[in-house]
Amino acid sequence: MKHIRGPQSYDYGYNELTTIDDKIHNSLMDFGILKLKSGDVFAEELPLERAYLLISGEMTFEWEDNSVSVNRPNCFDYCPWVLHVPKDVKVTFKAAGDVEIAVQRTENERIFPAKLYTPEECASENRGAGTMREASTRIVRTVFDYSNAPYSNMVLGEVIGFPGKWSSYPPHWHAQPEIYFYKFLPDNGYGFAELSEDVVKTHNNSTVFITEKETHPQTTAPGYAMWYLWVIRHLDGDPYITPTFVPEHLWVTESEKQADIWPPEK
């Protein structure tokens with residue numbers, strides 16, 4: 001099915017999941033998973049805007065005249081480190097243990113200052129709290145979007161879905177292509193992703209492509225936490241700013257309208 005890839009295991013090195021010119025997924029982005037072991041060094045210099053999000057591990061980011069050593073024990077309990085660079089900037093990564101990095105690239109002729117986003121800048125935000133008996137309470141960590149990086153052609157963030165709850169809810173859609181990449185805790189967990197009228201089952205290391213204006217709320221099986229990375233590509237002249245919500249379900253965001261378990265008897 002073209003909308004989902006995986007689950008799958010990844011070898012050390014760069015594991016390509018899609019490319020800018022991929023006509024099947026049409027994400028307009030390169031996206032892949034980079035795995036390094038202790039002592040490995042990875043370097044690249046490309047004519048593309050790039051973002052590198054540390055999923056887990058201890059490593060050193062090097063770019064321009066900077067060298068910063070970072071550690072993220074896991075993606076559930078700790079906020080991310082993310083290096084964001086414009087085209088033609090060389091980056092070098094040195095692993096101090098097993099490291100996993102999500103790589104996002106796209107075309108962008110604008111030149112902007114490279115930036116290493118710290119965990120404090122990617123702080124957790126609770127969304128959905130106080131509504132619908134907490135059925136869609138989740139943690140959202142937005143790294144950068146149009147509000148703080150209008151020079152970028154990309155958006156990047158994470159969501160933590162609690163066991164048995166929904167996220168990316170109420171149902172919404174947008175014209176800009178998006179990719180979700182998943183981790184579960186424990187890693188034999190699973191969830192489901194809505195893609196308009198279709199539903200796909202997600203597992204650890206699944207990738208879902210949302211490229212045809214599908215609505216895309218998510219749900220997590222009881223007993224399992226779900227982390228997913230979300231990456232979006234702005235369209236030329238049409239950047240992603242806010243999604244379009246399905247009107248009939250938008251009422252659930254109003255905290256004073258707590259949902260009954262079932263409609264009251266008449």
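Is glutamate 109 buried or exposed? Glutamate 109 is exposed, at 62% relative accessible area. Buried means under 20% relative accessible area, exposed over 50%, and partly exposed in between (1.4 Å probe, protein chains only).

1. Basis. This is a predicted model, in which local features need pLDDT of at least 70 and side-chain atom pairs count only at pLDDT 80 or more, while totals for chains, interfaces and linings use all residues. Residues are numbered from 1 along each chain as its sequence is written, and side-chain values use heavy atoms, with hydrogens and water left out.

2. Overall form. The chain has 22 strands and zero helices. Helices (H or I, at least four residues) and strands (E, at least two) are DSSP runs, numbered from the N terminus. The C-alpha trace spans about 70 × 40 × 35 Å along its principal axes. Of the 266 residues, 53% count as buried. Among contacts between residues at least 6 apart in sequence, 74% join residues at least 24 apart. Contact means heavy atoms within 4.5 Å.

3. Salt bridges. The structure holds ten. The term covers a side-chain nitrogen of Lys or Arg within 4 Å of a carboxyl oxygen of Asp or Glu. Glutamate 109 pairs with lysine 87 at 2.6 Å, N to O. The two sit 22 residues apart: glutamate 109 in the loop between strand 9 (99-106) and strand 10 (115-117), lysine 87 in the loop between strand 7 (82-85) and strand 8 (91-95). Lysine 87 counts as buried, at 19% relative accessibility.

4. Glutamate 125 and arginine 127 form a salt bridge, with the closest N and O atoms 3.2 Å apart. Glutamate 125 is partly exposed at 38%, and arginine 127 is partly exposed at 33%. Elsewhere, salt bridges that share partners join Asp30, Glu44 and Arg105 into one network.

5. Lysine 183. This residue lies in strand 16. What is the salt-bridge partner of lysine 183? Glutamate 100 is, at 3.0 Å, N to O. The pair links strand 9 to strand 16 (residues 178-185), across 83 residues of sequence. Lysine 183 is buried, at 10% relative accessible area, and glutamate 100 is buried, also at 10%. The lysine 183 side chain also makes a polar contact with the side chain of asparagine 205, at 2.7 Å. A polar contact is a pair of N or O atoms within 3.5 Å; within protein, one must be able to donate a hydrogen and the other to accept it, and residues adjacent in sequence count only if both atoms are side-chain atoms. Beyond four places in sequence, lysine 183 touches residues including Ile55, Cys75, Phe76 and Trp227.

6. Strand 7. Val82 and His84 point one way, Leu83 and Val85 the other, and all are buried. In a regular strand the side chains alternate between the two faces of the sheet. Strand 7 runs antiparallel to strand 5 (residues 49-63), joined by four bridges. Here alanine 51 stands opposite histidine 84. Three bridges join strand 7 to strand 10, again antiparallel, with valine 82 opposite tyrosine 117. Two strands pair if DSSP finds at least two bridges between them.

7. Four strands run in the order 14-20-17-18, with antiparallel pairing. Strand 14 (166-167) and strand 18 (198-203) stand at the edges with a single partner strand each, so one side of each is left without a neighbour in the sheet. Six bridges join strand 17 (residues 190-195) to strand 18. Leucine 195 faces aspartate 198 across that pair.

8. Nonpolar cores. A core is a set of buried Ala, Val, Leu, Ile, Met, Phe, Trp, Tyr and Cys residues joined through side-chain atoms within 4.5 Å. The largest has 28 residues, of which Phe31, Leu53, Leu156, Phe181, Trp227 and Leu229 touch the most other members. Strand 21 gives the most to this core, with four residues. Leaving aside neighbours within four places in sequence, leucine 229 is in contact with residues including Phe31, Leu53 and Phe181. Apart from this core lies another, of 20 residues, among them Leu34, Leu36, Leu83 and Val89.
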